[in-house]
Amino acid sequence: MKQSKVFIPTMKEVPAGADALSHRLLLKAGLIKQSTSGIYSYLPLAARVLNNIETIVREEMEAIDAVEILMPALQQAELWEESGRWGSYGPELMRLTDRHGREFALGPTHEEVVTSIVRDELKSYKQLPLTLFQIQSKFRDEKRPRFGLLRGREFIMKDAYSFHADEASLETTYQDMSQAYTNIFRRVGLNVRPVVADSGAIGGSHTHEFMALSDIGEDTIVYSETTDYAANIEKAEVAYVPNVKHDDVKELTKIETPNVHTAQELADFLNKPLDEITKSMIFKVDGEFIMVLVRGHHEINDVKLKAYFETDHIDIATQAEIVNLLGANPGSLG
């Protein structure tokens, strides 16, 4: 095809909201065009790039005996209610109602649909293991779509689902899939690191994410320079280090702390380092109140808190709830 026949609407000036360099270059080079916040059209040059990437993905998936299918983007609420995720997935799930009053969602992922297919059609354990994958548009109602294609409300995703008769088979496929992803990222030239991560609403006890290292990244990872250990900060193991800076134990005395409401204000008032102050946080876990104590310079890791109590239903207590429960304002707990 002649270049004069290719539709490449380049731009001299990009919109003010295009903060990421990749976003600006995609717009200026005429690869994408924004329809609305977080939703883009892929123009001819971008479509060619996507086709090449999809070819690499398909080759690596087929190399580990994964079979391609294509599932509907529109998913009935009944499947999500059966899995328990219709109510727990959160506001990112795009929901709609058809003319007959039936509820649906635009799929952000396809665990429910693929499991329904396999349980209806699989007749014997001898058909296992089975890995199904697809390349399809997904939908998530992001609160703050940004960075162009990196955080959108509609995006193209390759997702795969495997089914097994035992744990050993699952582990084999997990390792095969990990190597396939490593090959894909190497072939497309991405600098990535596999890290231990939280599974979130997807569920599961064993999760790794391949993190692409970037100056505009939204996640923080920790890693060892002497081993292959790496983890998202929300799942990282923490070594207990005793605080050895404490003075000798003194007699307990009462100290008035008027107008002191935060850990930092208390540290300043007592002329003590912030890490020698304890913060008291009140949460509601499945409707029950609990208190969490942390050092003054630390923040609560809500992902680890949810994992510890094995629930997704954790909220910080309101001021009114705290006063009713303890007779004191949040800034006066200790």
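**View A. Salt bridge between R187 and E59.** In this predicted model, the side chains of R187 and E59 form a salt bridge with an N to O distance of 2.7 Å (side-chain nitrogen of Lys or Arg within 4 Å of a carboxyl oxygen of Asp or Glu). R187 belongs to helix α6 and E59 to helix α2, so the pair ties together parts 128 residues apart in sequence (helices are DSSP runs of H or I, at least four residues; strands are runs of E, at least two; both are numbered from the N terminus). R187 is partly exposed at 36% relative accessibility, and E59 is partly exposed at 39% (buried is under 20% relative accessible area, exposed over 50%, partly exposed in between; 1.4 Å probe, protein chains only).

**View B. Salt bridge between E60 and R187.** The side chains of E60 and R187 meet at 2.9 Å, N to O. E60 is buried, with a relative accessible area of 11%.

**View C. Largest nonpolar core.** Nine residues make up this core, among them I56, M61, F133 and I184 (buried Ala, Val, Leu, Ile, Met, Phe, Trp, Tyr and Cys joined through side-chain atoms within 4.5 Å). Helix α2 (44-63), strand β7 (130-139) and helix α6 (167-188) each supply at least two of its residues.

**Notes.** Residues are numbered from 1 along each chain as its sequence is written, and side-chain values use heavy atoms, leaving out hydrogens and water. As the model is predicted, local features need pLDDT of at least 70 and side-chain atom pairs count only at pLDDT 80 or more, whereas totals for chains, interfaces and linings use all residues.
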